[in-house]
Amino acid sequence: MIWNQDECLSREQLKVVQLARLQETVKKVYDKVPHYRGKMEKAGVSPEDIKSLEDLRKLPFTLKSDLRDTYPFGLFAVPEHDVVRLHASSGTTGKPIVVGYTEKDIETWREMIARTMYSAGVNEKDTIQVAYGYGLFTGGMGVHYGAEKVKARVIPISGGNTKKQIELMEDFGTTVLACTPSYALYLAEVINSKPGLRERLKLKTAILGAEPWTEQMRKQIEELLDIKAYDIYGLSEIIGPGVAHECMFKNGLHINEDHFIPEIIDPETLEPKTPGEEGELVFTTITKEGIPIIRYRTRDLTSLNYEKCECGRTMVRMNKCQGRSDDMLIIRGVNLFPSQIEAALLDLDMTSPHYNLHVNRDGNLDNLRAVIERKENCTADLETLEKKVKSHIQHCIGLSLDLELVEPNKLERFTGKSKRVFDNRKN
Ligand SMILES: [Zn+2]
């Protein structure tokens, strides 16, 4: 099921659309946003220099700090009264970043999520429980409006209140769950702890995102709930959820390229990578009115696949994000993504995928400690288990660590984005 035939444009047709929209966007930010104009003048580039899609590279990058420095409305390209919605990031340090949508932007967003829904086989026959947080965070409301556009019934329950989630899931006959993978896993555990409940549920699909997750985690969630789980990708700075989504072939996430142009760059040299190579994902929005964004450095590491997908969509696919470069830990000179620990634990099938990582500095030496939960039905004795788990993780990540095994259900569960890493070296 394809929502919009624009998702199947030929590369040539798409390029024509992208260039026209890019030129219009660049002219708009140059004329309307002094911050962008200043940066472009400093880089010696003007809107007339954008003659081809390759010329995008002449434009300066936008960083999260550009959004912070212009707080709250400095990057808006329309008068305040044309903005009909404001969202903001939680902002753990200092001021949050603010994004504004015009009426047309909200419609674009609905369109992006409608594509996401159809891509996962969700339509008017479905009842979707939106357990992403509602509020300033873009997750809940973003998915909400797009799900309505495909005429699914929406249950706007937001995150948390697990007992209620499961009660409504059963009573309302929920067929689709939308939330973070961490929360889906937690819900799956609770559902499976109640005999006969899973069989009574009508759940068949989950649309999961807002944090990186592994293939092993997907397999776990799919098995525990007997459903198909799809990855979605987005970030508030670009539009919210709806930037990219998996299709039924689950072989990369289709980026809505007629609205967002992706690039992959080397995060050190800032030079473009050749297609297929991994690097930092950069986005330029080409249809947004409220807050157009030029070459935004997402910090997400991935690669792009331009081969045609079996589903018929021609939009480029980004590989599942391994992690955000901000989340990458460097321990004794070795790069470590927390998702590597998740993958190692799920491989082993002796522990739950819940873990905490603590990084400390003793003198000049980094020390990594992992707290991991024993799996409920694992019968191995504690000492053997500890040895096995420790050596398996060390083998997978190439780092030695201290391991603490704890009883099942001891570690915190998350109803939104998970927090598993505690890097105490920064304090
Ligand atoms: Zn596809």
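Reader: Which residues of H10 are buried?
Author: The buried residues of H10 are Pro338, Ser339, Ile341, Glu342, Ala343, Ala344, Leu345 and Leu346. Buried means under 20% relative accessible area, exposed is over 50%, and partly exposed is in between, with a 1.4 Å probe and protein chains only. Helices (H or I, at least four residues) and strands (E, at least two) are DSSP runs, numbered from the N terminus.

Reader: Before I go on, what am I looking at here?
Author: This is a predicted model, where local features need pLDDT of at least 70 and side-chain atom pairs count only at pLDDT 80 or more, while totals for chains, interfaces and linings use all residues. Residues are numbered from 1 along each chain as its sequence is written, and side-chain values use heavy atoms, with hydrogens and water left out.

Reader: OK, back to H10. Why is it largely enclosed?
Author: Helix H10 spans residues 338-348, and eight of its 11 residues are buried, so the rest of the structure largely encloses it.

Reader: And what covers those buried residues?
Author: The cover includes helices H9 (215-225) and H11 (382-397), along with strands E17 (334-336), E18 (351-362), E19 (365-374) and E21 (421-423). Contact here means heavy atoms within 4.5 Å.

Reader: What follows H10?
Author: Asp349, with a positive phi near 60°.

Reader: You mentioned H11. Is Leu382 in that helix buried, partly exposed or exposed?
Author: Leu382 is found in helix H11, and at 45% relative accessibility it counts as partly exposed. Leaving aside neighbours within four places in sequence, Leu382 is in contact with Arg374 and Leu405.

Reader: Switching to the metal. Which protein donors does the zinc ion have?
Author: Cys247 (SG), His254 (NE2), Cys309 (SG) and Cys311 (SG), at 2.1 to 2.3 Å. Donors are N, O and S atoms within 2.8 Å of the metal (3.2 Å for Na, K and Ca), and water is not among the atoms, so sites may look incomplete.

Reader: What's the geometry around the zinc ion?
Author: Tetrahedral, because the four donor atoms subtend angles of 104 to 115°. Four donors get that label if all angles lie between 85 and 135 degrees. The ideal for four tetrahedral donors is 109.5 degrees.

Reader: What spacing do the donors follow along the chain?
Author: C-x6-H-x54-C-x1-C. Cys247 sits in the loop between strands E8 (240-246) and E9 (253-255), and Cys311 in the loop between strands E13 (304-305) and E14 (317-318), so the pair ties together parts that are 64 residues apart in sequence. Cys247 and Cys311 are both buried.

Reader: Last one: where's the cis peptide bond?
Author: Between Tyr71 and Pro72, with omega about -5°. Pro72 is in the loop between helix H3 (64-69) and strand E1 (83-88).

Technical notes
Four donors count as tetrahedral if all angles lie between 85 and 135 degrees; four count as square planar and six as octahedral if opposite donors are over 155 degrees apart and all others between 65 and 115; anything else is irregular.
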